[in-house]
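Here are my notes on this one, written with the structure open alongside.

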Amino acid sequence: MKILAVDDDPFILELLPAMFEQADLNDLHTAPSGPAALEMIGAAKVPFDCLLLDVDMPEMDGIELCGRIRTLPGYENKPILMLTAKTDSISIEKAFAAGANDYIAKPFNLKDIYNRIRVAERLLVSSKTIKRIDTSDLSEDGTLIPPDINLADKLYLANVGRLILSFSLGNYITQLERSELDKYQVFCVSIDDAEHLFDQISHHDYVHVLTSLADTLSDLITCPHLLMSYEGNGAFLCITRDPNLPEWDRMETGLQAKMDVLNLPQGDANGKSISLSVGTPIPPNANRTQRVKKTFERALSRAESRYATKCAAA
C-alpha cells in the first residue's frame with residue numbers, strides 16, 4: 001500500500017516512517033503542507049493508495065486539502081484518514097463531509113496506526129464495488145447513470161452535501177466516545193414503497209429523487225452536525241448532534257412538505273406524490289464492536305415500522 005502522510009509538524013513526519021515500518025507498511029511518503037501534497041500527487045507516476053492528512057495546518061488545512069484531493073481523477077474513492085489533535089465533533093464532522101473516511105486522534109500509537117490502516121485497506125477493496133454517481137448536473141438527461149444499478153445498491157451520490165459512504169459513516173460511529181453517545185441521534189428516512197418507484201421510473205429519475213431527498217434533509221437539519229449515507233432500498237441513515245432536531249413526526253411532515261413542492265418523477269399514474277417515513281431517532285449502540293451493525297439495523301427497522309403503521313391506518 002502506497003501511503004502519503006501530510007503534516008506540518010517535523011516531529012510527526014520523522015515519527016511516522018518508524019511506526020509504519022514496525023507495522024510492515026514500508027511504502028510511506030511524506031509532505032509538510034497541503035500545497036506540497038498536491039504537487040506530489042500530481043507528479044506521482046503511480047497513484048497513492050491511502051492518504052493521511054493532518055487537520056490543523058497553516059496555509060491549507062487538512063479539511064480543505066481533503067476536498068481538493070477528492071476532485072482529482074483517480075482519487076474519488078481512495079481512503080483518506082485524518083490525523084487530528086482536534087477531537088471536537090464539528091472538526092471531525094467537517095472532515096467526513098469533505099470526503100474523509102476515518103480519523104486517528106493524536107497522540108497516536110502503533111496499534112492506532114495499524115488498526116486504522118487495516119480498516120482503510122478493507123475500504124480500498126470494498127470501494128471498487130460501490131457505484132459512484134456524479135450528481136453535479138442531474139438536470140441533464142445525458143448524466144451518466146450506471147445501467148446496472150439495483151434497488152438495494154448502496155450508491156455513493158458524489159457532490160451531495162453531508163452525504164458520505166456507508167463504510168465511512170460506520171467508521172465515524174464506531175469511534176464515538178461511549179460517554180458522548182447520548183448526545184447523538186441516529187434515524188432513518190425512507191421512501192415508501194421504493195420498489196414500486198424504482199420499477200416505474202428511469203434510473204436517472206430515481207437518482208434525481210434520491211439526490212433531492214438528501215438535499216432536503218441537509219436543508220432541514222443543522223448541517224454542521226449532520227452526516228448521512230444512502231443504504232439502498234430508498235433508505236438514508238442519518239446521525240446528528242443537533243440539539244434542536246424536530247420531533248420525528250414534525251420532521252416527517254416537514255420533509256414531506258418540502259418534497260411535495262419539488263415536482264419530482266412519481267411513477268404513479270394517479271399522480272400520487274412520493275411519500276416518506278421517518279423512524280424515531282435512537283442513540284448509537286453502546287457496544288463498540290457491535291455498534292454499527294446494531295445501530296444501523298435498529299434505525300432501519302424503525303422506519304420500516306413507521307411505514308407499516310401508516311399502511312395499517314390507511
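**Notes on the predicted model**

1. Let's start with the hairpin of β9 and β10: 4 residues lie between the strands, and glycine 232 among them has a positive phi near 85 degrees. Keep in mind throughout that this is a predicted model.

2. Tyrosine 230 is found opposite phenylalanine 236 of β10. There is also antiparallel pairing between β10 and strand β8 (residues 185-191), this time over 6 bridges. Here cysteine 188 has leucine 237 in β10 as its bridge partner.

3. How many residues of β10 (residues 235-240) are buried? The count is 6 of 6. In a regular strand, side chains alternate between the two faces of the sheet. For β10 both faces are covered, with Ala235, Leu237 and Ile239 buried on one side and Phe236, Cys238 and Thr240 buried on the other.

4. Cysteine 188 counts as buried because its relative accessibility is 1%. Cysteine 311 is in no disulfide either, as its nearest cysteine sulfur, in cysteine 188, is 15 Å away. With a relative accessible area of 39%, cysteine 311 is partly exposed. The total for the model is 0 disulfides.

5. On packing, the largest nonpolar core has 41 residues, and Leu53, Tyr172 and Ile239 have the most contacts inside it. Helix α3 (residues 62-69) contributes the most to this core, giving 4 residues. A second, separate core has 40 residues, including Ile133, Leu165, Val209 and Cys238.

6. Tyrosine 172 deserves a look of its own. Setting aside neighbours within four places in sequence, tyrosine 172 is in contact with Ile92, Glu93, Phe96, Tyr184, Leu227 and Ile239.

7. Elsewhere, 5 strands make up an open, parallel sheet in the order β2-β1-β3-β4-β5. Its edges are β2 (28-31) and β5 (102-105), each pairing on one side only. From one strand to the next, the twist averages 20 degrees. Within the sheet, β1 (residues 3-6) and β3 (residues 50-54) run parallel and share 4 bridges, and alanine 5 has leucine 52 in β3 as its bridge partner.

8. Last, helix α5 (residues 110-126) lies across β1, β3, β4 (80-84) and β5, and runs at about 175 degrees to β5.

Key. Residues numbered from 1 in each chain as written. Predicted model: local features only at pLDDT ≥ 70, side-chain atom pairs only at ≥ 80, totals over all residues. Heavy atoms only, no water. Core = buried A, V, L, I, M, F, W, Y, C linked by side-chain atoms within 4.5 Å. Buried < 20%, exposed > 50% of the residue type's maximum accessible area, 1.4 Å probe, protein only. Helix = DSSP H or I, 4+ residues; strand = E, 2+ residues; numbered from the N terminus. Contact = heavy atoms within 4.5 Å. Pairing = 2+ DSSP bridges. Axes fitted to C-alpha atoms, helices over the stretch in contact; angles between N-to-C directions. Disulfide = S-S within 2.5 Å.
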